[in-house]
Amino acid sequence: MSQIIKNIKPIWEEKASPVVDFLYKIKVSPNTLTLSGLLLIAVGSFFLANGYLILAGILIFLGNVCDALDGFLARKYNQQTLFGAFLDSVIDRYSDILPMLAILFLYKDDVLTFTFTSLAIVGSYMTSYTRARAEGLDVECKVGMMERPERSIVLILSIFSGFILYGMMLIAIFSNITTFQRIHCFYKKTKGKGFEL
């Protein structure tokens, strides 16, 4: 996680705490929030594909808020489960790709935007995959300048502003750089070590 996000997170959790308390009081589970976030992002992506940028931006933003709240709710009220963690990771991948697929559809005739959006999809998935694969081999590699929170912020800002090409360029470039940062991290941490099946 980047230093900026690390610094923002405590402030965000302090401000969001009353919302999380209310959700717990009305018995909303973390998994319900996770799935609600996906639904909002899916609907937002539909509007994005049809050119309704402001409405799409609002729905995708709300979906990301749900995604940010589910983990906080689970931690604060001791509702963390293995299935919840697994579901959250899987849903995150859908939430990553749906808006970008919508952008591909909206800009299918714009070669530059289509190309950079495609590269952004690749970078987003490789960023997630390199971390997951490293952790599967018991090596922590959370380094990188553009993790999921940063990608989400850039995506939402680009949708609201209409500067989608520039947003996709940023995600395409820096998510792929993050992938190589994690490859380098894994190499440094495992250099000289053998591998046993």
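Analyst: Glutamate 147 and arginine 182 meet through their side chains in a salt bridge, 2.7 Å from N to O. The model is predicted. Glutamate 147 sits in the loop between helix 5 and helix 6, and arginine 182 in helix 7 (residues 164-190), so the bridge ties together parts 35 residues apart in sequence. Both ends are covered. Glutamate 147 has a relative accessible area of 7%, so it counts as buried. Arginine 182 is buried too, at 4%.

This bridge is one of nine in the structure. Another pairs aspartate 67 with arginine 148, with 2.7 Å between the closest N and O atoms. Aspartate 67 belongs to helix 3 and arginine 148 to helix 6 (residues 148-161), so parts 81 residues apart in sequence are tied together. Arginine 148 is buried, with a relative accessible area of 12%. A network extends from here: salt bridges with shared partners join Asp67, Asp92, Arg93, Asp96, Arg148 and Arg151.

Arginine 131 is partly exposed at 28% relative accessible area. Glutamate 135, at 35%, is also partly exposed.

Now the aromatic side chains. The count of aromatic pairs is four. One of them is stacked: the ring centres of tyrosine 24 and tyrosine 77 lie 3.8 Å apart, with the planes at 5°. Tyrosine 24 is in helix 1 (residues 3-25), and tyrosine 77 is in the loop between helix 3 and helix 4 (82-106); the pair links distant parts of the chain, 53 residues apart. Tyrosine 24 is partly exposed at 38%, and tyrosine 77 is partly exposed at 25%.

Phenylalanine 46 and phenylalanine 47 pair edge-to-face, with 5.5 Å between centres and 75° between planes. Phenylalanine 46 is exposed at 53%, whereas phenylalanine 47 is partly exposed at 24%. Together with Tyr52, they form one aromatic cluster. A charge meets a ring elsewhere: lysine 108 lies over the face of phenylalanine 105, 4.3 Å from the ring centre.

One surface feature remains. Ile54, Ile58, Phe61, Leu62 and Phe160 make a nonpolar patch of about 430 Å². Helix 3 (residues 53-76) contributes the most, with four residues. Isoleucine 58 lies in that helix and is partly exposed at 40%.

Methods. Residues numbered from 1 in each chain as written. Predicted model: local features only at pLDDT ≥ 70, side-chain atom pairs only at ≥ 80, totals over all residues. Heavy atoms only, no water. Patch = residues over 30% accessible without salt bridge, like charges linked within 9 Å, V, L, I, M, F, W, Y side chains within 5 Å. Areas by Shrake-Rupley, 256 points an atom, 1.4 Å probe, with all protein chains shown as cover. Salt bridge = Lys/Arg side-chain N within 4 Å of Asp/Glu carboxyl O. Helix = DSSP H or I, 4+ residues; strand = E, 2+ residues; numbered from the N terminus. Buried < 20%, exposed > 50% of the residue type's maximum accessible area, 1.4 Å probe, protein only. Phe/Tyr/Trp six-rings, centres within 6.5 Å; stacked < 30°, edge-to-face > 60°. Lys NZ or Arg CZ within 6 Å of the ring centre and 35° of its normal.
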